[in-house]
Amino acid sequence: MQQWLRSSKFLLIFLPVWLLITSWIRPLSVPDEGRYGDISRAMLESGDWLIPRINGLPFMHKPPLLHWLSTAFMEVFGLHTWVLRLVPTLAGSMMLVSLFVFLKKYVSEQIAQLTIIILATSLLFYGSSEYINHDLLVASWMTVCILSFVDFTLSGKKTILFLGYFAAAAGFLSKGLIGVLIPGLVLLPWLLYTQQWRKIPALLNPFAILFFLVLTVPWIYLVQLKYPQFLHYFFIDQQFSRFSSNGFNNKQPWFFYYLILFISFLPWFLISHFLFAKRIFKESLTPSLLILLCWWFISVSIFFSIPPSKLAGYILPAVPPLAILLAVNVRPILDHLAKSKLQISGPATFIFILGLGISLTPHFMKNNHDFYTSHTIQIYIIGAILCIVPFGLMLLFRLKKIDYLTAIFLSLILFCTSISVAVRVLDTKNNADQVDFAKSMNPKSDVVFYYNYFYDLPFLLDLKKPVYIVNDWDSVKTDNSSLELKDGLLFEPERKQYLWNKQQLQNTLEQKQPIVVISNPGGYKTNNQNVKVLHYRNYDVFLINQNF
């Protein structure tokens, strides 16, 4: 490796800083980032840290740790997208650092360095580190929890055990029971299979369990005190039913996560030549650790493949062991002077294909064709960089100007960064460039969303009161954005005042009140010639009775 890539200090500083800087590139993505960003903004505005709320309605799908952290950062740094992204970026950095510390202690510093390089440059991890939701946060706490319990099993240090229980509590407060269940699923069979079951009583330290309960129970108790139906909704409806039921969205085939992981780590699979020799693993890992990593990956990937509903971020807890196994497998290859054509050209070709796909986007996208055409030059530049630079770096390697890992490292850093830039250019669903109508709004206007909830608009407009949402609420029963809003009425039915039907909108219009109606393009129409209508990419805006 180049000298700077041999420096653990460089990697532990550069990778988190790189993740932080690249997280500033994109505007909020819809719906997740708009949803969770505005829940945190609402918590900041209201000062109510107990109940997460969306549009004033209780949002009890997930625990509040993501919002507590985001709100705390906004208290310090202000209301900005990059501030919201501090949570996933720091969560990703925590996963990198915890893996490095553990591997340096129990495997080797070189494997630790290579593991965090592989993990940071994998598409799924990189994208999740700058995406505001609960997935990477809970996956990082799970990683810290598992590594801490394993470390305690091997070293017997009680401070490490308490760190594990703290991580378990934080995982629970990030996404519920899954934050505790997955570490248990990984650790218990491993302890039994490796005949370390005698250590289980020490792991179940009563003071550590009490510490866990002190951290988790108060929020559950206070919410249950406020909402008697909370426990059933939170644990049964949103945890057990979501795992076992067919009634939720995002249905994917059983191999979905394996495909996601394969593509995310494909450059490193190409470098490994898809060869996994048992001898290499036995030389670097103790039998106990090898079994742990294999079981960790297998159990988690199978567990999350069972439910019909699948989202890419759910599989993040399986990413750490895969990165370690790839690092162990790839490490000897880096020392070999001879490299095959697949190892030299494979990663560059993978990046070239994606770069070519980005370059061709304007020619194949029928929706928003004018938008893509107007950004053609930017798209071509991004595509050209991805098509040319990785091959240029491999040429430098062939000329012995740089070593192989440096060429791969720089190619993937460039690749991941370019993906963020490409998303900024190609993402037509976000509304960051479509809010100039705000300067024409009467500050006293009520805002109405017509048959769609535009998740990022309340955050972008910094609205100080909930919007009114028009829909046929009696017919809303399937898993969608409307149902998650309607579910808030289970806890505070008086908030039904914000969920309108068409007649309530008509009554308000007849009262000549200042109002702004926002609908999908062509979704709402009016014959009133005095209404100012603005047409944007994702919606139409109707400025009604805007007399200042």
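## The cavity

On a 1 Å grid over the protein atoms alone, a cavity is a set of points where a 1.4 Å probe fits but cannot get out, and lining residues have an atom within 4 Å of a point. The structure here is a predicted model, in which local features need pLDDT of at least 70, side-chain atom pairs count only at pLDDT 80 or more, and totals for chains, interfaces and linings use all residues. Residues are numbered from 1 along each chain as its sequence is written, and side-chain values use heavy atoms, without hydrogens and water.

There is one cavity of 30 Å³ or more. The largest cavity holds about 40 Å³ of space, a volume being the space filled by probe spheres set on grid points joined across faces, edges and corners. Its lining includes Phe102, Leu147, Trp296 and Ile324. Helix H17 (287-305) gives the largest share, three residues, and helix H5 (86-106) supplies at least two. Helices (H or I, at least four residues) and strands (E, at least two) are DSSP runs, numbered from the N terminus. The lining residues are nine nonpolar, no polar and no charged; Val, Leu, Ile, Phe and Trp are among those counted as nonpolar.

## The sheet

Six strands form an open sheet with mixed pairing, in the order E5-E4-E3-E6-E8-E7. E5 and E7 (532-535) stand at the edges with a single partner strand each, so one side of each has no neighbour in the sheet.

Two strands pair if DSSP finds at least two bridges between them. E3 (446-450) and E4 (468-470) pair in the parallel sense over three bridges. Phenylalanine 449 has isoleucine 469 in E4 as its bridge partner.

Key:
1 Å grid on protein atoms, 1.4 Å probe; cavity = no way out; pocket = protein on both sides within 12 Å on 5 of 7 lines; lining within 4 Å.
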